[in-house]
Amino acid sequence: MLDHFDLLAPLYDWVIGPPNPARPQTLLDLPTPGRLLDAGGGTGRVTAQLRGLAGEVVLLDQSLPMLRQAQAKGLIPLRGDVARLPFPDASFDRVVVVDALHHFVDVRAALADLLHVLRPGERLVIEEPDIQHRVVKVVALAERLALMGSHFYAPEASSRA
Ligand SMILES: C[S@@+](CC[C@H](N)C(=O)[O-])C[C@H]1O[C@@H](n2cnc3c(N)ncnc32)[C@H](O)[C@@H]1O
């Protein structure tokens with residue numbers, strides 16, 4: 001079934017703009033010789049910045065058109081559902097999720113799977129827009145009107161999710 005990101009894919013990077021590469025690098029404590037998973041990685045906007053900073057960088061997303069954009073950047077993307085990850089337990093040293101958690105239909109299953117594939121003691125970084133920010137409130141309303149099914153968490157709620 002076609003989803004919103006399938007339609008947005010060709011314009012996504014242009015609309016959202018490049019990420020600040022320093023932020024994920026610092027939070028993820030890069031470089032590392034280990035494996036890094038970018039879950040819900042979309043067009044590879046973030047992964048492209050992390051290339052070369054980990055032994056292997058894997059980008060997983062459920063939208064083929066988003067993944068095609070990533071492929072055009074020379075990345076090797078993988079199609080899959082973050083709530084049913086096709087990896088063995090403890091197979092990644094770093095896991096990052098940028099601006100995608102609020103789109104996951106089954107957040108609990110996704111978090112459980114992300115923690116399973118992470119090596120014990122290693123790092124999971126989840127970056128989300130702050131719903132208390134006025135611009136994010138407008139984006140959340142637009143996504144609701146577009147029936148995107150997004151579910152934004154306030155920072156204090158995310159510690160209980
Ligand atoms: C707002 S985009 C963010 C993409 C990328 N992380 C970035 O910051 O540019 C959210 C992405 O999450 C993906 N996504 C949503 N639910 C997913 C799921 N259950 N499994 C894998 N990817 C998912 C969408 O296809 C989309 O590419």
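## Around the ligand

In this predicted model, the ligand is surrounded by 18 residues. The closest of them are Gly40, Gly42, Arg45, Ser63 and Ala100.

Sorted by class, the shell around the ligand consists of eight nonpolar, six polar and four charged residues. Gly counts as polar in this sorting.

## Helix H5

Helix H5 spans residues 107-117. Its buried residues are Ala110, Asp113, Leu114 and Val117. When the helix is viewed down its axis, the buried residues of H5 fall within an arc of 100°, so they line one face of the helix.

The face of H5 that is turned away from the buried side carries Arg108, Ala112 and Leu115, which are exposed. On the buried side, the cover over the buried residues of H5 includes three strands: S1 (32-39), S4 (92-98) and S5 (118-127).

## Two domains

The domain assignment of the protein chain gives two parts: domain 1 covers residues 4-127, and domain 2 covers residues 131-161. The C-alpha centres of domain 1 and domain 2 are 20 Å apart.

Domain 1 contributes five residues to the contact between the domains, and domain 2 contributes eight residues. What classes of residue make up the side of domain 1 that touches domain 2? That side of domain 1 has two nonpolar residues, three polar residues and no charged ones.

Definitions and conventions
Residues are numbered from 1 along each chain as its sequence is written. This is a predicted model: local features need pLDDT of at least 70, side-chain atom pairs count only at pLDDT 80 or more; totals for chains, interfaces and linings use all residues. A residue is near a molecule or strand if its C-beta atom, placed from the backbone, lies within 6 Å of it. A residue is buried if 20 or more other C-beta atoms lie within 10 Å of its own, exposed if 12 or fewer, and partly exposed in between; C-beta atoms are placed from the backbone. Helices (H or I, at least four residues) and strands (E, at least two) are DSSP runs, numbered from the N terminus. The arc is that of the directions from the helix axis to the C-beta atoms. Two residues are in contact if their C-beta atoms, placed from the backbone, lie within 7 Å. Domain bounds come from an automatic or database domain assignment.
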